[in-house]
Amino acid sequence: MDKAYLVPNPIAPCQTVIIDVEKCVGCNRCADHCRTQTIMPNPVKGKAPIVIYPDECWFCGCCIAACKNDAIKMHYPINQRVFFKRKETGEVFRIGGPYSPPQSYFKPPVG
Amino acid sequence: MVTLTDQINYGSSPAQWPYPVRYGSENRIETDVLVIGAGVAGSMAGLMAARRGVKVAVVDKAPISISGSGGAGLDHYNGCISNPDCAFTPEEYIEMQAKHPFFGRSVDFRSYIQIKGSWDNLLELEKLGLKFRDEEDEFAGAPFRDEKTKIMYAYDYKTKSSIRLRGGDAFKRIMREGLEKEKNVKIYERVMITNLLTEDGKQGSRAVGAAGVNEQTGEFYVFSAKSVIICTAGVSMQATSTWTFNSEMFASGYRSDPRNTGDGVAMAWKAGAEFHSEKQFGQTRSTGPFGWPWYGIGNPDNTWCPCSLVDNKGKEIPWVDSFGNPIFKIEQRTIPAEGQPYIGIPRPTPYINPELIKSGEYELPLWADISSLPEHEKRAIWGLMVGNEGRTRIAIYDYYNKAGFNPDKDMLQCPMMSLENFGAYAKDWFQGEANNNKFWKADTLRGVATDWNEMTSIDGLFASGSECGQGGAGAGSSGAYSGNRAAEFAMRVERGVINEEQVRIEKERVYAPVNRMGNPQACISWKELWMGMNRVMQQDCGDIKTPSVCEHGLMWLDSIKKHEMQMTYARNPHELVRVLECESRMTVAEIYLHLCKANFKAQEEGAGSGKIMFVKRIGGELILTYKEDKWWLKPPYAPTYLENYMKCRALEKEAVSNG
């Protein structure tokens, strides 16, 4: 509680992609599939990669598609979280917002 | 001594760079054809050149399986006019397009090369493993599906000019696997080509290779080649942010690959290649960093075509056709209007009368009511298009589904706009507030000029894909075509000599941001350099264009180049490549201003009225040349598109039959 650090400000408003270190096996497939080097391998072998340049993330999702352990989540910044409305009930939700309904559409994408 | 750059952003002891750092270490590669940039165009160019039996080096700044604007997927193959079921032949279509108010400006032989080869290219991709037909019969009976061929069309179901890709998500992975199978191909990834090498190191001389740097190790590369193809897109896809840039989240607002930084056009310009002149440009459209996620906001257009819109009370917004006449059935949104040969642009759209918003008849916000569409349209938008389009499978489809969005039950909110923009025909749905700039005012260059062989004015230097004005799916056919032409060129010439002095100068430029790290003066970040360039363009290449403002802009850029650009620092290979990309951007900004200047010069000299102007800069002198309108159908060329095309591909046919 009483510790504080002299650290730089966050480089981007949000972290863009978040790696779950519990699930990550440190294979670096995500880093190998990142066009902007937003994700870089950890210098310590076997440890989770580092999201070092979130400001350059294109939100292309290639890292998530490359991950075999479902260890990466995309994090949209607040300003990009749009509303949707359930037609039958008129309820309004926000992508990534509070009170979101559970996933109810499970069809895989076509192809 | 602790320098200023040591202190910047060092809150704690930084981690070690995860790759071995080998600044300056040289790799010398000898090849026949060098392909710079392996997006859709470059990958096809590499493949086709290799099949002609020459050695090919394919170089990309990123991993080829995901690189380029098509690297995160592609939902449809646009402009596939040469498919046998299209209502028009490419020859008929090109004539119609030339008269189109939107396309007319840029229709030339390169558009023809694109549409003529697009179907063959799609079949080639199918052989490599791309699945685009609805083999699973999921869309059986849908009005956009051909029951015999199982091909699914988009936008204009009658003309059948655009083909939806069932497995477009894997587009680039398939291309990379294809390249890997070719024994003549060597792949170089994470290597940024920084400059062309020319005979005797002179501008305007034949291209003999290129130099580059690795963004992981910092190693240096020197390629010697008999012919070179630039396929680096450049500025024709609105991505370089010449006018605007946000330092904190810049890449998220880009429609195309953020690595699209204009390197190709910059190096071609520096080598003295001829460029298309431009009449009007300024201010970026579609590159705001805080727009909505691409294809992830309610709208009725593009990937979301033909989605219905309703107001906040559920009242449906009526549609109009391309002529503004009301249409009442969903099916009418995807067929040409009465008397219209094909839909083209503008497409049918909901007509949002601003008066009805003012009067309260329509309550905002509007919602895209995907759930009300027939099943085939709903699934085509959400599963087929959003499921395969670049950067939407994970970022929209997967993300929104997990967040509870259900296209069977839910409507997605549309962006708010001013009343004026709601009423306008063309709206920028993805950026929220529509941009009032006209299309010609985009951050768009038509780029390097080429001849019928897609060769630039520099001997041995070819340009294809968006680099020579052919974006999107057509990049593939353009790439395949130029790959063949560059291979033929390589077969008939001797290898040129690399000028070592040019290599030395380039190497010094490339490593300068690293070498000046110990210098306390080196306090400029690549982001600062970029934003500095933006301000020049905002002030001196905006709405007001005069000869003096233009000169002022060039003087300003030159002043930054000589001072602050010589103070930029790079603390690792990543930052080094970013600085070099910003140096490309600086050159792109110069090109815009020189093209402005060329327009004034032409006016002054009273030259070239009714002709097509080209601009190049050699030894500091701006050189203007002119060609007749439609020069590509006049001597020494044949009078028709088809004849010229067949003539250029004649050797290719022989090669195939001999094989």
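Predicted model: local features only at pLDDT ≥ 70, side-chain atom pairs only at ≥ 80, totals over all residues.
Student: At what angle do helix H13 (residues 526-540) and helix H15 (residues 573-605) of chain B pack?
Tutor: Helices (H or I, at least four residues) and strands (E, at least two) are DSSP runs numbered from the N terminus. Axes are lines fitted to C-alpha atoms, for helices over the stretch in contact, and angles between N-to-C directions run from 0 to 180 degrees. The axes of H13(B) and H15(B) are 9 Å apart, and the angle is about 10°.

Student: Which word describes how H13(B) lies relative to H15(B)?
Tutor: Angles under 35 degrees count as roughly parallel, over 145 as roughly antiparallel, 65 to 115 as roughly perpendicular and the rest as oblique. The angle here is about 10°, so H13(B) and H15(B) are roughly parallel.

Student: How many residues of the contact of H13(B) with H15(B) are nonpolar?
Tutor: Residues in contact have C-beta atoms, placed from the backbone, within 7 Å of each other; among them are Trp526(B) of H13(B) and Arg578(B) of H15(B). Ala, Val, Leu, Ile, Met, Phe, Trp, Tyr, Cys and Pro count as nonpolar, Asp, Glu, Lys and Arg as charged, and the others, Gly among them, as polar. Three are charged, none is polar, and the nonpolar residues number 10.

Student: What kind of model is this?
Tutor: Residues are numbered from 1 along each chain as its sequence is written, with chains lettered from A and ligands numbered from 1 in the order written.

Student: Is Asn28(A) buried or exposed?
Tutor: Asn28(A) sits in the loop between strand S1 (17-19) and helix H1 (29-32) of chain A, with a positive phi of about 70° although it is not a glycine. Buried means 20 or more other C-beta atoms within 10 Å of its own, exposed 12 or fewer, and partly exposed in between, with C-beta atoms placed from the backbone. Asn28(A) has 20 within 10 Å, so it is buried.

Key. Contact = placed C-beta atoms within 7 Å.
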